[in-house]
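Hello! Here is the structure I promised to pass on to you. Have a look at it first, and then read my notes below.

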Amino acid sequence: MRGQIKMFETIAVLIVFFILLFAGITFYFTSQTSAVQKERTEAQNQYAYQLALRALNLPELDCSFLVTQRDNCVDAFKLNVFSTLLSEQQTLEQYFPEFGYSTIKITPIFPSGSTKILYDNTPLEVNSNLTNKNPILIYNPLLDTYSFGVIEVNVYA
Amino acid sequence: MAINKKAVEMQFHWIFIIVAGALILAFFFSFALKQRAVGQERLQYTVLSQVDDILAKSQIKGGTAQHIPTPSQGLAFSCTQGCDCAFQIDNAQRPFNQPIFSPELLRGQDTFIWSAEWKQPYRVTNFLFLTNPDIKYYFVYDPQNSPSSTLHRELTKNIPPPITQNKEIVTQFNYQNVTVSELSNLEVEDYSQHKFVFINVPTTTPAKFDKTEASAINIDQSKITFLSKTRRLSNFQENDIQRHIGITSIYAAIFAQDGAMYRCGIEHALGKLSTTSKILAQRAGQIQRETLCTETPGGCILGAPITICQNPNLDVCQNPIQGSIIESLCQQHTIASAPLSQLDVNGLDLLKNRLDTENRKLLQQSCPEVF
């Protein structure tokens, strides 16, 4: 009888111990997962901004005047040609290391115009999607005029 | 007998406690060790993404020099012969596909980052050069030999000055000019790496460096020879020969750890040139179409075939007007598509000058410039 009580006592202690242990582990891993998730979102955000910067500074797209580059500016004629080139599979593959799985769109806001998809490489399975928008100038070399626009970068993971 | 049974029971009890305690301790120890490893790995990846961000931003603006703190574990760069390039901090690795030229390992003082534009004559891409003051470069030239001294002067005049903070040098491109006659007396200094840049002079191993590990490049009129020597070797041994395409590519060879990294970066830049020249040619075709096919009189003839008026999506490189700016851009597109070993360097140089002249002419004719 005394032995049985002792055994129950030991089992009870073990049960309490394991409950506390699992509660601690669960709490720890939950907080770790949310921290990792936060870090991942931050990294994705940073990457999206990096892509927008990269796209805006591409010589294939920039506004240059006698080899002087204008910041945050996209040449409308270059944009037309480059987006056509990037719709070809070979060129898309060539630019994959630069832009990865993402979609880059340019939309004229004032005066308004139709959205141009510069680069589109969407993975078959999308787990998460983060968007970064930046204001830009769109230059028309023929009329020598500028319009306001937005560059939108969608990053997939 | 009863006492013996109790004593045995007590012993088993303590053994049970010891075993259970040891198991619990082992569990917590292994958990802590795992967490430490995971934490370290996470830190490495965080630093790696920060470095990646800095490198990406540095590459955007050409003609700038800046510095970043070098991670304590060191920052390693590598490129395989197949151009799989990556940089890594300990075990954390990140691939890169940009013209980045760096020594194998940067460790210790702050990393010096220099971004230089590669123009043909328009900006094609920015080359990123990395080093730190722990690596010593020796520019060996012959003042009596005109090609050698001219190239030496050209090379040294573009190098950014040291980066300072509160009048103290934080980091710099640590180089020393050495004439061929001074080479034999050159002393070995306490640097982690030594790199010799022989500018249009024969490769010679300095006498006092015969038991020192070092690397070197030899630049002549058209090519760059990559050399290295270990402590056991008394002379430099040839590893690779590549062609150069102007002063920026020579800087690339100076900073690149080997011929593979140099070739990968230059071929990436050539790929960019091929695409950019094609875009500029098509853009010029569009400008011609918009001015010539819709406006009367006048217009800008840039060299696109006249059929562009009927077909706006015409490939202007299929039949461009000879001697026009579009023809030059199309030729540049064709030349740049070749691998570095088969590249027509002279042709590329001629086109660069011709394009510059043609673009200025367009301005005089009140036409939109092509670049």
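Pro339(B) sits in the loop between H5 and H6 of chain B; helices here (H or I, at least four residues) and strands (E, at least two) are DSSP runs, numbered from the N terminus. Because 10 C-beta neighbours fall inside 10 Å, Pro339(B) counts as exposed. As for the term, a residue is buried if 20 or more other C-beta atoms lie within 10 Å of its own, exposed if 12 or fewer, and partly exposed in between, with C-beta atoms placed from the backbone. Pro339(B) is 83 residues along the chain from Ala256(B), and their C-alpha atoms are separated by 19 Å.

Before you go further, please keep in mind that this is a predicted model, where local features need pLDDT of at least 70, side-chain atom pairs count only at pLDDT 80 or more, and totals for chains, interfaces and linings use all residues. Residues are numbered from 1 along each chain as its sequence is written, while chains are lettered from A and ligands numbered from 1 in the order in which they are written.

H5 (residues 325–336) and H6 (residues 345–364) of chain B pack at an angle of about 155 degrees, and their axes are 10 Å apart. Axes are lines fitted to C-alpha atoms, for helices over the stretch in contact, and angles run from 0 to 180 degrees between N-to-C directions. H5(B) and H6(B) are therefore roughly antiparallel to each other (under 35 degrees is roughly parallel, over 145 roughly antiparallel, 65 to 115 roughly perpendicular and the rest oblique). Residues making the contact include Ile325(B) and Ile335(B) of H5(B), with Leu348(B) and Leu355(B) of H6(B); two residues are in contact if their C-beta atoms, placed from the backbone, lie within 7 Å. Also in helix H6 of chain B is Arg360(B), which is exposed, with 11 other C-beta atoms within 10 Å.

Chain B has a domain assignment with domain 1 (46–263) and domain 2 (268–364); such bounds come from an automatic or database domain assignment. The centres of these two domains, taken over C-alpha atoms, are 35 Å apart. Their contact takes 13 residues from domain 1 and 13 residues from domain 2 of chain B.

What about the inside? The largest nonpolar core has 112 residues, and Phe101(B), Val197(B), Ile199(B) and Ala284(B) have the most contacts inside it. Such a core is a set of buried Ala, Val, Leu, Ile, Met, Phe, Trp, Tyr and Cys residues joined through C-beta atoms within 7 Å. Helix H4 (residues 259–292) of chain B gives the most to this core, with 13 residues.

How do the two chains meet? In chain A, 24 residues are in contact with 24 residues of chain B. On the side of chain A that touches chain B, H2(A) gives the largest share, six residues. H2(A) and H4(B) pack at an angle of about 125 degrees, with their axes 9 Å apart, and that makes H2(A) oblique to H4(B). Among the residues that meet there are Phe77(A) and Val81(A) in H2(A), and Ile279(B) and Ile287(B) in H4(B). Phe77(A) and Val81(A) are also among the buried residues of H2(A).

Enjoy exploring!
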